Structure formats: C-alpha cells, structure tokens
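User: Hi! Could you walk me through the terms used for this one, and how each label is reached?

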Amino acid sequence: MDIPIIEIPYLTKNCNEILILAVLFKEKKHGYQIALEIEEKSDGLFKFNHGTLYPILHKLEKEGLIKGTWKQEGPKRQRKYYNLTAKGKKYATAQLAGWEKFFKEFFDIVGEIKK
Amino acid sequence: MKQFTSLLKSINERLDLPQPTKSRIILEIASDLDDLYQLYLSRGFSETEATKRAEEKIHLTDEALTDLVQVHQSLVKKLLDKITAQAQSRWERVVFVLLLIFIVAISIQGIFTVQFFVQASTWIYPVMGIFLTALIISSPKFYQLYIKKDHQVKKLRTGLSLILGMGVLNLVIGILGYVMELFLAEDTALLFVNHLAYIITTQEAGSGQTLSNITTWMIKTSSLIMFTLVSTIIIAFIWYILMNKVLKIEQAEAAVLLED
C-alpha cells in the first residue's frame with residue numbers, strides 16, 4: 001500500500017476528512033453526532049462548525065467513501081445517517097498511515113527542541 | 001422548528017442548486033438544527049439562547065455554500081434536472097401526455113402485426129426484452145407515486161436512474177443491431193453510398209443480388225429501428241412523468257419544511 005503524502009497546503013482539509021472518517025469507522029452517525037463526537041473526544045480542540053461539515057460530508061459521499069441513508073424517525077422527522085463504505089475504510093487506513101508518517105517527520109524535527 | 005424558518009429560508013435562497021438536491025440539504029440541516037436546539041435546552045439554556053447557539057453552530061458561510069454547490073453540480077444531473085423542471089405546469093404535462101398517446105397510436109398499427117416481427121431483424125428481441133423490463137420496473141414506481149402515495153424522501157428517486165438507463169440501453173442495442181445487420185449483409189456495397197447509387201442506376205451484372213441484399217437489410221432494420229425508437233420514446237416519457245412527480249413531491253416537502 002502506498003502511503004499518501006499529507007501536503008501542508010491541504011492540512012486542514014485532510015485533517016477534517018480523517019477526523020470524520022475515524023468517527024464513522026465503527027458505526028453510522030448523522031451530521032450533528034459526528035461534529036459533537038469530534039468535539040467531545042478532543043476536549044473541544046477540534047471544534048467543528050456544521051457549515052464546514054456539510055461540504056466535506058457531501059464530498060466524501062460523492063467520492064463513495066461514505067454512504068448517506070435517510071431514516072424516518074417519527075412521523076415528521078427524517079435523519080440522514082452516514083456510514084463508511086469499504087472504499088472509505090481502505091482510504092481511511094491509508095490516510096492514517098500518511099498522518100503517522102507526517103507526525104513522525106514533524107516530531108523528528110521539532111523534537112530537537114527538547115534535546 | 002418554526003424558530004429556524006428564517007435561517008432555513010436564507011440557506012434555501014443562497015443555495016444555487018436544483019430543488020430536489022436543495023430540499024435534501026435543507027432537510028439535513030433542519031434535522032441537525034433541531035438536534036442542537038434540544039441539546040442546548042437539555043444543558044439548561046433558555047429557548048432563545050438555545051436557538052441562537054444552534055444557529056451559530058450551523059452557520060453556513062458563503063464559502064461553505066459554494067463548496068456545497070460545487071460538490072453537487074454534475075453536468076449530467078444539471079441537464080436532467082433542467083429537462084424535467086421545464087414542464088411543471090399542468091398544460092405542459094397534458095401536451096406531453098397527448099404527444100405520447102399520438103406517438104403510440106400511430107406506431108401501434110404498424111408495430112403490433114405479425115408481419116412486422118417476422119420481417120424484423122432478430123435484434124428486435126433483446127430490444128423488446130429491455131422495453132418490457134423497463135415497463136415492469138416502472139409499474140411499482142407508478143403504484144408507489146400515484147396510487148399508494150407513500151412518499152419517503154429517501155426512496156423517491158430509487159429506480160428512476162435504472163429506468164433511464166434501460167432507455168439508453170434500449171437505444172444502444174437497437175443501433176448496434178442496425179450496424180451489425182449492415183455488416184452481416186455481407187455486401188460491402190452497402191457501406192459505400194456512391195457505389196450503391198452506381199449499382200442501382202447502372203444495374204450491372206451481379207447487381208441483382210446486391211439489390212436483394214439491400215432490400216432485405218432495409219426491411220429488417222427499418223422494423224428494428226422503428227421499434228427501438230418508439231420503445232425508447234415510451235421509456236423516456238415514463239421516466240419523465242415519474243421524475244416530474246418526484247420533483248413535485250420534493251418541492252412540496254421543502255415548502256412544508258420551510259413553513260413549519
């Protein structure tokens with residue numbers, strides 16, 4: 001498997017993508033749950049504005065990495081749940097390797113400060 | 001959800017997308033807004049504060065809206081939505097239905113005779129198979145949309161692409177059959193119009209067989225092409241009528257959502 005390169009200009013985009021894919025890795029969730037879980041798990045470090053969330057979710061869905069399904073909840077309520085596709089799982093695993101490499105290189109350099 | 005109406009209306013106005021796509025996005029946002037509102041209420045905020053916080057959290061910037069529009073604007077979808085959105089008025093639909101009846105009526109006399117099928121190329125059978133499959137696939141959709149009227153946004157468009165795909169496949173198979181028959185006629189003269197005209201006008205030795213081949217090919221393929229075109233037009237009309245109904249339901253859903 002080729003390890004993807006996390007490019008500095010697309011850092012935010014890649015970071016948002018991997019966070020969403022990670023949260024969806026084990027179970028399906030809807031938009032609000034995704035944002036809330038990321039925020040809570042990171043102790044508020046990654047505050048996800050829903051405005052940024054929708055374009056990313058819809059883009060990932062278009063690329064076939066996640067799949068959105070509508071679920072009727074009550075007579076007047078519908079929710080869109082997202083789950084990771086097989087392609088998405090493969091992509092997320094590759095991205096994780098990319099991030100590991102990125103942080104290894106990063107700390108190899110900035111770790112000098114501690115020495 | 002009344003408290004979010006103005007926000008949802010403003011997103012609706014700013015989203016430059018076809019109505020069905022827009023409706024689904026609005027529905028998703030509305031559902032998340034409501035969840036956030038309930039969350040803030042449960043955390044002890046007042047109704048006004050909960051509304052304000054939920055709206056702040058969902059805030060869609062112009063940049064985010066542009067990104068959303070870019071994600072959803074595919075060329076084919078844009079074209080299809082444009083076509084179906086063009087005939088929304090009752091009179092336009094009536095004209096289309098009358099046109100369909102007219103096409104079917106004038107075709108039926110020629111097509112549904114034994115002679116027609118005896119003369120036709122064998123390629124007519126796969127075309128017929130696809131046509132019948134498209135009709136079978138369309139039936140439950142008609143039932144769901146016009147009789148049962150059990151409208152669920154997530155299921156509305158299910159099967160519509162397949163019907164359209166059947167129409168395209170129908171046309172492709174018909175044209176393929178037409179071209180294959182041309183090659184199977186085993187007479188290269190058929191491929192060259194100039195040579196063909198020469199044979200017909202001069203009637204040189206051996207041209208009798210060529211003319212016979214040409215006539216057979218013409219009879220076989222004219223039936224095939226006639227059936228292919230008529231069946232494709234019918235499939236296209238079925239898709240068009242169903243798509244229009246789906247669009248109307250989606251628009252109505254969006255209107256209800258924005259009024260609530």
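This is a predicted model: local features need pLDDT of at least 70, side-chain atom pairs count only at pLDDT 80 or more; totals for chains, interfaces and linings use all residues.

User: What makes the crossing of α2(A) and α3(A) right-handed or left-handed?

Analyst: Residues are numbered from 1 along each chain as its sequence is written, with chains lettered from A and ligands numbered from 1 in the order in which they are written. A crossing is left-handed if the near helix is turned anticlockwise from the far one by less than a right angle, and right-handed if clockwise. The crossing of α2(A) and α3(A) is right-handed.

User: Which residues in α2(A) and α3(A) meet?

Analyst: In α2(A), A:Gly31, A:Ile34 and A:Ala35 meet A:His50, A:Leu53, A:Tyr54 and A:Leu57 of α3(A); contact requires C-beta atoms, placed from the backbone, within 7 Å. These residues divide into 5 nonpolar, 2 polar and no charged. Here Ala, Val, Leu, Ile, Met, Phe, Trp, Tyr, Cys and Pro count as nonpolar, Asp, Glu, Lys and Arg as charged, and the others, Gly among them, as polar.

User: How many helices and strands are there in chain B?

Analyst: Chain B has 12 helices and 0 strands, where DSSP runs count as helices (H or I, at least four residues) or strands (E, at least two), numbered from the N terminus.

User: What does chain B contribute to the contact with chain A?

Analyst: Chain B gives 19 residues and chain A gives 18. The largest share of chain B's side, 6 residues, comes from α2(B).

Note on methods: Two residues are in contact if their C-beta atoms, placed from the backbone, lie within 7 Å.
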